[in-house]
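Work through the following exercises with the model in view. Each one sets a task and is followed by a solution that goes step by step.

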Amino acid sequence: MKTNKLLVILGFCILLSNCQQKAPEVEFLVSESTKKLNRPFSDAVRYGNLLFLSGKVGTVPSTSNLASGGIKGETKQALENIKKVLEENGSSLDNVIKCTVMLADIEEWADMNSVYVQYFTKNKPARSAFGVSGLALGARVELECIAVIK
């Protein structure tokens with residue numbers, strides 16, 4: 001009987017301690033260049049040790065101009081833009097766990113992929129890729145990622 005009461009009390013204490021744990025804060029992260037361009041979104045949102053990046057197109061930093069070189073040039077620049085946001089916020093390409101790739105023309109998938117694989121040489125994030133009817137600024141590709149902050 002004493003053992004049962006002790007187990008009930010112990011269980012109740014564990015339940016109370018779990019109920020009092022605070023959920024992680026949500027932090028909206030906006031770089032100075034995004035502020036200057038007056039973009040209506042955060043570069044990333046941090047929740048606990050997860051970093052959710054906004055979709056990135058292949059714009060030359062601090063401009064709205066797309067990188068030259070078509071799908072390959074835009075993919076390279078989009079991944080460089082992602083790399084910068086990750087590093088500014090305590091993560092890296094090695095810590096990306098999920099990528100979503102949106103292509104203005106799904107026929108350009110192989111060309112996009114030939115650049116993409118150069119950036120994820122160590123770990124291969126889970127990935128989805130699909131064709132869309134249009135992207136911001138007339139871009140050929142947009143990528144969004146989720147990463148872990150270690």
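**Exercise 1.** Determine which residues form a nonpolar patch on the surface, and how much accessible area they have together.

*Solution.* The patch consists of Val26, Phe28, Tyr47 and Phe52, which together have about 390 Å² of accessible area. Patches are made of residues with over 30% relative accessible area and no salt bridge, like charges being joined within 9 Å and nonpolar side chains (Val, Leu, Ile, Met, Phe, Trp, Tyr) within 5 Å; the areas come from the Shrake-Rupley method with a 1.4 Å probe, and for residues only the protein chains shown count as cover. This is a predicted model, in which local features need pLDDT of at least 70 and side-chain atom pairs count only at pLDDT 80 or more, whereas totals for chains, interfaces and linings use all residues. Residues are numbered from 1 along each chain as its sequence is written, and side-chain values use heavy atoms, with hydrogens and water left out.

At 36% relative accessibility Tyr47 counts as partly exposed, a class that lies between buried (under 20% relative accessible area) and exposed (over 50%), with a 1.4 Å probe and protein chains only. Gly48 has its place in the loop between E2 and strand E3 (50-53), and Gly48 is partly exposed as well, with a relative accessible area of 27%.

**Exercise 2.** Find the salt bridges of the structure and state where the partners of each lie.

*Solution.* The structure holds three salt bridges, each defined as a side-chain nitrogen of Lys or Arg within 4 Å of a carboxyl oxygen of Asp or Glu.

- Asp43 and Lys56 meet at 3.1 Å, N to O. This pair links distant parts of the chain, with Asp43 in the loop between helix H2 (32-36) and E2 and Lys56 in strand E4 (residues 56-57), 13 residues apart. Asp43 and Lys56 are both buried.
- Lys84 and Glu88 meet at 3.7 Å, N to O. Both lie in helix H3 (residues 70-88), four residues apart, about one turn of the helix. Lys84 is partly exposed at 45% relative accessibility, and Glu88 is partly exposed at 47%.
- Arg140 and Glu108 meet at 3.0 Å, N to O. Arg140 lies in the loop between strand E6 (126-131) and strand E7 (141-148) and Glu108 in the loop between strand E5 (96-103) and helix H4 (109-119), so the pair ties together parts that are 32 residues apart in sequence. Arg140 is partly exposed, with a relative accessible area of 26%, whereas Glu108 counts as buried at 18%.

Conventions:
Helix = DSSP H or I, 4+ residues; strand = E, 2+ residues; numbered from the N terminus.
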